[in-house]
Amino acid sequence: MVRACSSCKVDKAAVKRPKTGKAVCKKCFFGLFEDEVHQTIISNKLFSKGERVAIGASGGKDSTVLAYVLSLLNRRHSYGLDLFLLSVDEGISGYRDDSLAAVQRNKVEYGLPLLVVDYKRLYGWTMDQIVQVIGRKSNCTFCGVFRRQALDRGATLLKADKVATGHNADDIAETIFLNFLRGDFPRLSRCVDAVTGRGSELPRVKPFKYTYEKEIVMYAYFKQLDYFATECVYSPNAYRGHARQFLKDLEAKRPSAIVDVIHAAEQFRFPEPGNPDVAMPVQRKCERCSYISSQRLCKACILTDSLNNGTAAQVNRFSTNKFSSNE
Ligand code: SF4
């Protein structure tokens, strides 16, 4: 027997929402999905009227849906934002070139200006070249540090006030576990925030903080959005994979598990900088490139030096925790 939509009670249910287990029609699914993102934006005060927002656009499902939904909500609720697409070309053949082609199509489809910044021009190295030197074990350490800085540099060129990223609830719950397992409590308390760097020159916002990955895939599928679905050819990240599998097992038992993990982590608070009991790193500028850094040289300059002077393999061996930037 075909069930009626549990929301409007009129149309036939077409989707069982992974987040709630409720069966809804497509129209209600779209409306609920968009309203929940809007609520995250409003309740966390992610944006202010007139801001320029750079959307980190990889061409994958998360950032494609983010660009689409932010454009839609910006019109629907008159946020008054100037939106831009900002892509990073890491120089990974057979992967990033194809995903950037999807971003180029979205630029036209959504009518958003696009800026692409690339590792080769910023650091003198592509990821293909880096992997040739350091192998495939901890390549994501280099890539993560470089990407974070590349996004900031691109956003500065765009004169953006904020960077919006497509990190979803699954990503955040995985990161919570990883930081917990590493005992990295400062990162644990930061990674769950919908806004990081509030008060800095370039805060980052996560409108999909409470949005399930499965719902993003469903939204993209039903809306027939144009995105690139293949994984990076250098994606080993086995440790994150274990955290992901653990969460999937939890979610199979209880659909709310992902959001429960996020709510639990929101209760953790690390003391604020300025508390005399806690030594927090002092933020200053990198002496070479002027990027924000807690040391004389920023992480990207240290890693670039190690590539240029042939010590990258040693840095790489000791640096997985020290230089991890995405988490
Ligand atoms: Fe970079 Fe690793 Fe992501 Fe590939 S999987 S894009 S190498 S961080």
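These are my notebook entries on a few places I looked up in this predicted model.

**Ground rules.** I number residues from 1 along each chain as its sequence is written, and I use heavy atoms for side-chain values, with hydrogens and water left out. Since the model is predicted, I ask for pLDDT of at least 70 for local features and count side-chain atom pairs only at pLDDT 80 or more, while totals for chains, interfaces and linings use all residues.

**Entry 1, annotated spans.** I started with the UniProt record, an unreviewed entry, which places "domain: tRNA(Ile)-lysidine/2-thiocytidine synthase N-terminal" on residues 53-234. I noted that such annotations may be inferred rather than shown by experiment, and that their positions follow the numbering used here, with feature names shortened. Over residues 53-234 I found 52% helix and 13% strand, with the end C-alpha atoms 29 Å apart. Helices here are DSSP runs (H or I, at least four residues), as are strands (E, at least two), numbered from the N terminus. The same record's "domain: Cytoplasmic tRNA 2-thiolation protein 1 C-terminal" covers residues 284-312. That span is 38% helix and 14% strand, and its end C-alpha atoms lie 25 Å apart.

I then turned to α5 (residues 127-134) and α6 (residues 139-157), which pack at about 145° with axes 10 Å apart. The axes are lines fitted to C-alpha atoms over the stretch in contact, and angles run from 0 to 180 degrees between N-to-C directions. On the α5 side I listed Met 127, Ile 130, Val 131 and Ile 134, which meet Asn 139, Phe 142, Cys 143 and Phe 146 of α6; contact means heavy atoms within 4.5 Å.

Is Lys 209 buried or exposed? I found Lys 209 buried, at 4% relative accessible area; buried means under 20%, exposed over 50% and partly exposed in between, with a 1.4 Å probe and protein chains only. Lys 209 sits in the loop between β8 (204-205) and α9 (213-222). Leaving out residues up to four places away in sequence, I see Lys 209 touching, among others, Thr 40, His 167, Asn 168 and Glu 266.

Moving on to α9, I marked Glu 215, Ile 216, Met 218, Tyr 219 and Ala 220 as buried. Their cover includes β1 (15-16), α1 and α2 (61-76). After α9 comes Gln 224, with a positive phi near 55°.

My last stop was Gln 39 in α1 (residues 26-43), which is partly exposed at 47% relative accessibility. Gln 39 and Glu 251 are 212 residues apart in sequence and 23 Å apart in space, C-alpha to C-alpha.
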